[in-house]
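Let's take a walk through this model, starting with its pocket and ending at the ligand. Keep the sequence and the 3D view side by side as you read.

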Amino acid sequence: MSGSALYDTFARIPLVFERGEGSWLVTDKGERYLDFAAGIAVNSLGHSHPHLVSALTEQAGKLWHLSNLYEIPEQARLAERLVAASFADKVFFANSGAEALECAIKTARRYHYANGQPDRYRTITFEGAFHGRTLATIAAGGQQKYLEGFGPKADGFDQVPFDDMEALEKAIGPETAAILVEPVQGEGGIRLLSGQSLKRLRDLCDKHGLLLIFDEVQCGIGRTGKLFAYEWSGVAPDIMAIAKGIGGGFPLAACLATEEAARGMTAGVHGTTFGGNPLAMAVGNAVLDVVLADGFLDEVQRKALLFKQGLAAIADEFPGVIEGIRGTGLMLGLKCVLPAAEVNAALRGEKLLAVPAGDNVIRLLPPLTLTDEEIQQGLARIRAAAASLAPAEAAPAEAK
Ligand SMILES: *Cc1c(COP(=O)(O)O)cnc(C)c1O
């Protein structure tokens, strides 16, 4: 047996964090790390946000869990707020991103079934996608490293190169039910679909009678400076999965849909034990209290610009380490020249936490609540890490 009783599925960094305060994590040895990973875009309001702590503890003293066999008023309220703030008419609550995507995929298939076209069940996705780790969502993501060894890939998913609209149109067949994309790919390496591409997807869906599904599990809930990333383009989906940021650290996810798209999801066809329980709903409502408060998202946009400008200056200064900056809002990526894992280790050496992604990119996903002072501290640490890695001849001090 290996050293731990845990599955060996995670290659863990040997750091033990004991508590969190806003944008900071504190180790058992009292070392303070600036947390620009935020639990991979989960701790949207940082750690120990007072409003979330009080919402959770207050609810914990009243009622934790209740089956969906009964009315849950806070669930109806959170659904109404999400509906009021989005394209959607209907919401299903779940516990993880993958589960929200499962619901989204099932909703699309069931829509065609309800329309008398049960043969339409296939979903088209883009290369580099990440939709979760269940058997259906690894098939949707299509990444070989996640599919290997788990038996035949679940049927019903077709993949085309990222943002390749010609290939996509060719892939649409009589069995196609839906197109599923992340408006901003997270794990794929912070890759954006332009407003023009999203519009093209919408047009193709309308032309061929398909449902458009957005995966905003990572880019939703204020991450890009709007509540949902799709708002920047004005292109609305028919179905959307959200998770990560909506719970602020409490496991919470949701599938949103128009009334039309959800028409097949009738009583008894789908369900969940834990999804939408009172504890999760108290926290989800508290997250929205903050994110939807006047001016909050404007501040995210302002801070994001400040941060991105600072990052661009660092990339200019150390072109041998960082090739460029990509992303939007507080969902930014350092496209690395050196291996991303090496850059990430150097950042950790400067006590800054970030997350590697595909395409040799380091993701920076700080809490949306970070301060200007923390942006400056973060930039100083990222600059120091880049300087420590810069090839000697490129270092400014040794320039000829
Ligand atoms: C994290 C993520 C998922 C999966 O969420 P889990 O909660 O890990 O199941 C799905 N889609 C995107 C875009 C993600 O970033």
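Which element gives the largest share of the lining of the largest pocket? It's α11, with 4 residues. Before going on, note that this is a predicted model, where local features need pLDDT of at least 70, side-chain atom pairs count only at pLDDT 80 or more, and totals for chains, interfaces and linings use all residues. Residues are numbered from 1 along each chain as its sequence is written, and side-chain values use heavy atoms, with hydrogens and water left out.

That pocket holds about 1700 Å³ of space. Among its 50 lining residues, Phe 10, Gly 39, Ile 40, Val 355 and Arg 363 come closest to the centre. Elements giving two or more residues to the lining include α1 (38–41), α4 (97–114) and α11 (340–349). (Helices are DSSP runs of H or I, at least four residues, and strands are E runs of at least two, numbered from the N terminus.)

Now for the ligand: the space it takes is the largest pocket. Around the ligand you'll find Ser 96, Gly 97, Ala 98, Phe 130, His 131, Gly 132, Glu 182, Asp 215, Val 217, Gln 218 and Lys 244; a residue is near a molecule if one of its heavy atoms lies within 4 Å of it.

A backbone N or O atom of Gly 97 sits 2.8 Å from a ligand oxygen. Asp 215 puts a polar side-chain atom 2.7 Å from a nitrogen atom of the ligand, while an N or O atom in the side chain of Lys 244 is 2.6 Å from a ligand oxygen. Taken alone, the ligand exposes 380 Å², and the protein buries 81% of that (Shrake-Rupley method, 1.4 Å probe).

How values were computed
A polar contact is a pair of N or O atoms within 3.5 Å; within protein, one must be able to donate a hydrogen and the other to accept it, and residues adjacent in sequence count only if both atoms are side-chain atoms. On a 1 Å grid over the protein atoms alone, a cavity is a set of points where a 1.4 Å probe fits but cannot get out, and a pocket is an open set with protein on both sides within 12 Å along at least five of seven lines; lining residues have an atom within 4 Å of a point. A molecule sits in a cavity or pocket if more than half of its atoms lie within 2 Å of its grid points. Grid points are joined across faces, edges and corners, and a volume is the space filled by probe spheres set on the points.
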